Amino acid sequence: TLIKQIAGSDKVVVLPCRFSYQHLKEVNDKITSCVDGNPDLIGEIGINTFGILIEKNLLDVALISCIPEKIKSFKSQVVDDPCIVFSENPMRMTRE
């Protein structure tokens with residue numbers, strides 16, 4: 001393939017992905033902007049951490065309590081996008 005030619009190696013693995021890295025970054029930036037613009041959302045929704053999972057081609061949002069009500073609240077107040085997966089992490093992270 002062209003990518004292997006450009007890389008100069010047959011050891012390049014090309015995998016299909018559903019979301020471009022640019023899209024994942026844009027959604028991540030939306031979350032950052034929303035949380036920075038309204039820090040009370042962190043406690044209200046229980047947002048713990050969020051970030052791009054490059055190897056899974058998704059964006060993970062870890063909530064303190066991953067219950068349907070909190071997920072619905074996140075989607076309505078922050079962003080709803082099919083690239084987001086939710087996980088539960090009850091250990092509270094703090095920002096410095």
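Biologist: Before we start, what makes two strands count as a pair?
Modeller: DSSP has to find at least two bridges between them. Here, S1 and S2 run antiparallel and are joined by six bridges, so they pass that test. Strands are DSSP E runs of at least two residues, and helices are H or I runs of at least four, numbered from the N terminus.

Biologist: What should I know about the model itself?
Modeller: This is a predicted model, where local features need pLDDT of at least 70, side-chain atom pairs count only at pLDDT 80 or more, and totals for chains, interfaces and linings use all residues. Residues are numbered from 1 along each chain as its sequence is written, and side-chain values use heavy atoms, with hydrogens and water left out.

Biologist: Why are S1 and S3 called edge strands?
Modeller: The open sheet has the order S1-S2-S3, with mixed pairing. S1 (47-53) and S3 each have a single partner strand, so one side of each lacks a neighbour in the sheet.

Biologist: How do you know that Phe74 and Phe86 are edge-to-face?
Modeller: Rings of Phe, Tyr and Trp (its six-membered ring) pair with centres within 6.5 Å; planes under 30 degrees apart are stacked, over 60 edge-to-face, the rest tilted. These centres lie 5.4 Å apart with planes at 80 degrees, so edge-to-face it is.
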